[in-house]
Amino acid sequence: MNNKRLIIAVIICLALIVAALPFLSACGGDKEGRTLKVGITTPTTGKAAEKGAPMGHGNLDCFEYINNELGGVEGYQIEVVWRDNGYDAAKVATIVKSFMDEGCLLFTTSSSAMMTASMEIANRAGFPGMAAFSSPIIYRPPQHIYGQMPDYGDDFLVFAKYYMDNIWKGSGKPKMALHLLNNSTGAGARDAARAYAADLGIEIVATEEHASTTTSEMESLTRIKALNPDVLYISSTPAPTAVVVKNAYELGMFPGITIGSGHAGFTSALVDIAGADITEGVYGVFPTVNWGDDVPAMAKMTEYIKKNHAEDYEKKNMDYITCWAQSLIVAEILKEAVNNAGYDALAAGDANSWKALEEQGIQKLKDYDVGGLHGPVSYTAGDNRLSKSVRVFQVQNGEIVPLTDWIDAPVVKYEEFDWFGK
Amino acid sequence: MSLPCGTRNYNYAEDMAIVRTKTHWVLLIALLVIIFTAPLYFGNYWLGVMNLIGITLIAAIGLNILVGYCGQLSIGHAGFIAVGAYTAAILTNRLEMPFLVGLIGAGVVSGLIGIVFGLPSVRVKGFYLAITTIAAQFIIIWVINHWGYTGGFLGIKVPYASIGGLVFRSESSQFYLITIIAVLCVFFAKNLARTKVGRAFIAIRDNDLAAEVMGVNLLYYKLLAFFIGCFFAGIAGALLAHWIGFLNAEQFSFTESILYVGMIIIGGLGTSVGPIFGVIFIRILQQLLTMELVPFLESTFTNFPSGFATGVTPMLFGLVIVLFLILEPRGLAHRWALFKSAYRLWPFSY
């Protein structure tokens with residue numbers, strides 16, 4: 001008898017709770033509890049952690065700022081699904097699938113390698129993605145993957161143009177040697193050189209490759225030295241770039257020749273690893289401002305990095321800036337999509353929402369100013385690079401000092417070259 | 001309640017059967033029903049994880065035949081998987097051949113490349129052979145990166161798998177394709193161990209000199225082990241290529257090769273169920289740490305800076321494997337064998 005009463009009481013309570021749920025949810029604000037979900041994956045552990053960790057910090061700190069201080073996007077909080085991919089291709093494939101499963105509206109990666117490993121899964125599903133660092137293969141031909149910043153080929157083109165206009169004083173064609181990481185980071189620069197070096201009036205005399213784990217490049221640099229180049233261009237990550245610069249210094253090549261670096265390797269980590277005296281005078285291109293520059297977004301970003309990741313600030317890590325900017329762009333995309341398509345079109349987080357976000361969010365970006373952190377962000381039909389500008393920097397007294405204002409990198413339709421991807 | 005007091009075989013067919021009792025049949029059918037109805041109750045993410053497990057399992061079975069049964073240590077398995085993946089990509093993308101041609105071609109080419117790198121096994125063994133297989137890994141990856149036909153550093157696209165008019169677009173359809181091939185591979189490997197070839201492999205593993213004295217042709221059987229092991233790797237590579245849709249040599253790292261050796265050791269070398277246990281253990285552990293533990297720690301300890309929990313993943317991953325090897329060095333298959341013995345003898349375990 002008692003049991004029967006207890007069961008009836010429990011059923012009544014459950015029925016009341018179920019009936020009250022709509023009223024309870026109605027008690028909140030109109031947009032309270034309604035979120036916009038995004039997937040973020042960074043190689044915070046693994047062999048690219050030196051870049052991935054601060055990039056992840058930049059992403060997450062910026063979303064914390066947007067949600068806490070700006071009230072989210074148009075009143076909707078951004079729900080971040082963040083995963084460490086460990087620079088593991090198999091893992092990032094399942095991570096991107098999980099983003100799609102969890103109803104994320106778009107996803108971002110920091111490295112081109114991780115985007116390469118997962119992009120076809122996203123392209124097949126029409127799930128939009130954005131890579132902070134990218135190579136042409138990611139969006140040539142353009143599909144659903146976008147590049148936050150110019151790619152490694154653009155780096156080469158801007159540096160080569162700057163070199164010809166400002167550094168090269170000799171007669172005839174300068175001789176350039178390339179030292180490239182054996183992945184898409186190096187391949188991007190190689191393809192740009194193959195496409196445009198001759199047009200720029202540069203003779204490529206050597207193309208050497210190195211691994212991300214290299215500890216000595218004396219042999220390859222000895223071969224390069226024998227060819228007597230005027231300039232050495234490196235497209236790699238900081239640790240291998242430091243090895244190449246150190247070895248060039250030890251072989252007596254540098255100072256003497258000009259050394260330029262693409263943006264994947266040109267950060268404070270390069271100066272830390274190789275040493276300020278050895279890297280003195282090395283040129284590099286980078287698509288963001290540096291710490292301490294007088295731009296609108298600097299104060300808030302500095303406040304957050306000092307509060308949450310002082311170690312990144314002490315190292316003056318520029319990768320943090322890149323991903324802080326990436327999060328701002330994601331917020332702007334969401335804002336455009338909410339305004340143009342409405343929250344309800346995005347709420348499901350399914351294929352229709354992805355299409356709406358891409359067409360009404362990403363493709364509506366027009367001259368968005370990322371607080372001055374990097375060049376303006378616009379979508380141009382047929383060109384999935386969102387920002388197209390880089391600046392040329394130089395290491396001076398251990399600091400990375402800007403030499404130029406923003407320089408736009410041209411659109412290169414690599415797919416029109418017979419050799420591209422073959 | 002009637003309890004079995006032993007399984008008696010009345011003819012050779014019963015003695016040779018893999019599935020010997022009604023209980024075996026019931027459990028096997030139940031397992032297959034659970035596996036093949038998985039798309040009904042799992043989302044795309046977990047189906048993706050299961051697809052990855054299935055692909056990894058096929059490759060691990062091949063490595064287990066080579067290392068576990070035949071005793072030929074290979075630390076370049078990811079390289080052979082890469083050969084299969086790129087062969088399938090070239091055949092189906094560049095030459096526009098059907099998926100099945102690409103699949104079989106991947107296995108055959110990978111197997112033949114395996115024979116080439118297996119040739120030193122006639123002269124060297126143990127650590128020395130391991131070094132030659134490491135060389136295979138690096139040579140294969142170098143060729144992939146520098147041969148234009150593979151797309152080089154930029155990589156190569158791979159179309160969806162398709163048979164006739166059936167295109168395997170969805171995660172669940174890919175799951176069925178991968179699972180069926182994985183089940184066939186498990187069945188093949190289980191049977192191989194019981195054949196003349198399997199016994200020759202085991203003889204070579206246990207004492208190659210004694211095996212040769214008994215009339216086992218070392219050159220033939222060692223190279224056959226390399227062919228079969230790498231054939232499986234090639235099949236796994238082809239499935240991986242069609243599943244991911246884009247190949248880049250970075251997906252086949254040396255670390256991945258070592259992980260494969262770790263999987264078959266944790267599962268139990270030279271057993272048919274070892275690779276299954278090892279692969280499931282490692283892949284699920286990876287996913288749980290990445291997808292569950294780290295986000296849980298990040299959301300629970302909000303006073304810590306964002307990203308603080310990432311170091312936990314590699315530390316715990318390493319710790320679990322070390323503890324596992326200390327506490328159960330004979331692998332999960334041994335634990336499974338103990339469980340089965342206890343079940344059979346219950347309630348008289350001793």
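Tyr149(B) comes out as partly exposed, with a relative accessible area of 37% (buried is under 20%, exposed over 50%, partly exposed in between, using a 1.4 Å probe and protein chains only). This is a predicted model, where local features need pLDDT of at least 70 and side-chain atom pairs count only at pLDDT 80 or more, while totals for chains, interfaces and linings use all residues. Residues are numbered from 1 along each chain as its sequence is written, chains are lettered from A in the order in which they are written, and side-chain values use heavy atoms, with hydrogens and water left out.

Tyr149(B) sits in the loop between H7 and strand S1 (156-157) of chain B; helices (H or I, at least four residues) and strands (E, at least two) are DSSP runs, numbered from the N terminus. A nonpolar surface patch of about 750 Å² includes Tyr149(B), along with Leu95(B), Met97(B), Val101(B), Ile139(B), Trp142(B), Val143(B) and Trp147(B). Helix H7 (residues 127-146) of chain B is the top contributor to this patch, with three residues. Patch members have over 30% relative accessible area and no salt bridge, with nonpolar side chains (Val, Leu, Ile, Met, Phe, Trp, Tyr) joined within 5 Å and like charges within 9 Å. A salt bridge here puts a side-chain nitrogen of Lys or Arg within 4 Å of a carboxyl oxygen of Asp or Glu.

Turning inward, Cys70(B) counts as buried, at 0% relative accessibility. Cys70(B) lies in the loop between H4 and helix H5 (77-94) of chain B, and touches residues including Phe201(B) and Ile204(B) (contact means heavy atoms within 4.5 Å). Phe201(B) and Ile204(B) are among the buried residues of helix H9 (residues 196-206) of chain B.

Note on methods. Accessible areas come from the Shrake-Rupley method with a 1.4 Å probe; for residues, only the protein chains shown count as cover. Lists of a residue's contacts leave out its neighbours within four places in sequence.
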